[in-house]
Amino acid sequence: MPHTEVAPQEAGKVRVYTLSLSDDEARAMRDDETAQAAALGVERIDAAYTEVFRVADLDQLGLAGYLRDGNGVNPDQIEKDRSKLAALDGWVLIVYSRAFAGQSLHLAPIPALTHIATYTEGGPDTPVQAMEAEAAQPYTGIPRVSPPEPAKGGGAKTMVIIGVAALILIIIWWLLS
């Protein structure tokens, strides 16, 4: 099995593997992050970004349709592998780039995994728009030359008045008792 390198901070890749496992083994792998990582030959992966399922469960959509419509894979990439994807049956493992948490890894899959293809997710084609509003321009705020002056005085006078009032209350209480 050829080894695959995962680039550091890789994003937007979808790796498709077919599983040569029994139904029970594949079902067990579906919910076992450690088993998926071991099958790929790495210490750990984030199973929130992997899928293990039976191709027949996709019904008429098929694996090609699932990759195109469900994962946003570029249709041109799917088209060149359409017959290969249509011929797959049994279980597949789909691994998204985020499963590797941005780490640079060396994948060494077990013999029961066969790498079918690695596809690129197509992002939305959004043109960059220039921001023309004055508020969007840099340094349009009003600069503060110096911080505002705090209120002066009053604090010491207030403390003296509270102290005298407390002293008077203590004297009155002492006289009445």
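User: Where is E10 found in this model?

Analyst: In this predicted model, E10 sits in the loop that runs between strand 1 (4-6) and strand 2 (13-19).

User: Is E10 buried or exposed there?

Analyst: E10 is buried, because its relative accessible area is 14%, and the cut-off for buried is under 20%.

User: Which side chain does E10 join in a polar contact?

Analyst: The side chain of E10 makes a polar contact of 2.9 Å with the side chain of S97.

User: And which residues is E10 in contact with, leaving aside its neighbours within four places in sequence?

Analyst: With those neighbours set aside, the contacts of E10 are R15, S97 and F100.

User: Turning to cavities: how many of 30 Å³ or more does the structure hold?

Analyst: The structure has one cavity of 30 Å³ or more. The space in the largest cavity is about 30 Å³.

User: Which residues line the largest cavity?

Analyst: Its lining consists of R44, I45, D46, A99, F100, A101 and Q103. F100 is also one of the residues in contact with E10.

User: What is the lining like by class?

Analyst: Four of the lining residues are nonpolar, one is polar and two are charged.

User: Let us move to helix 3. How many of its residues are buried?

Analyst: Helix 3 spans residues 62-71 and is mostly covered, with seven of its 10 residues buried. The buried residues are G62, L63, A64, G65, Y66, L67 and N71.

User: What do the buried residues of helix 3 pack against?

Analyst: They pack against several strands and helices. The strands are strand 2, strand 3 (50-54), strand 4 (91-96) and strand 6 (113-120), and the helices are helix 4 (75-80) and helix 5 (82-87).

User: Why is N71 counted as buried?

Analyst: N71, which belongs to helix 3, is counted as buried because its relative accessible area is 12%.

User: Which residues does N71 touch, not counting those up to four places away in sequence?

Analyst: N71 touches E51, Y66, Y96 and E121 on that basis. Y66 is itself among the buried residues of helix 3.

User: What follows helix 3?

Analyst: The helix is followed by G72, which has a positive phi, near 70°.

User: One more topic: where does UniProt place the feature "transmembrane region"?

Analyst: The UniProt entry, which is unreviewed, places that feature at residues 158-176.

User: What is the helix and strand content of residues 158-176, and how far apart are the end C-alpha atoms?

Analyst: In the model, that span is 100% helix and 0% strand, and its end C-alpha atoms are 27 Å apart.

Conventions: Residues numbered from 1 in each chain as written. Predicted model: local features only at pLDDT ≥ 70, side-chain atom pairs only at ≥ 80, totals over all residues. Heavy atoms only, no water. Helix = DSSP H or I, 4+ residues; strand = E, 2+ residues; numbered from the N terminus. Buried < 20%, exposed > 50% of the residue type's maximum accessible area, 1.4 Å probe, protein only. Polar contact = N/O pair within 3.5 Å; in protein donor to acceptor, adjacent residues only side chain to side chain. Contact = heavy atoms within 4.5 Å. UniProt positions renumbered as here; feature names shortened; annotations may be inferred. 1 Å grid on protein atoms, 1.4 Å probe; cavity = no way out; pocket = protein on both sides within 12 Å on 5 of 7 lines; lining within 4 Å. Points joined across faces, edges and corners; volume = space filled by probe spheres on them. Nonpolar A, V, L, I, M, F, W, Y, C, P; charged D, E, K, R; others polar.
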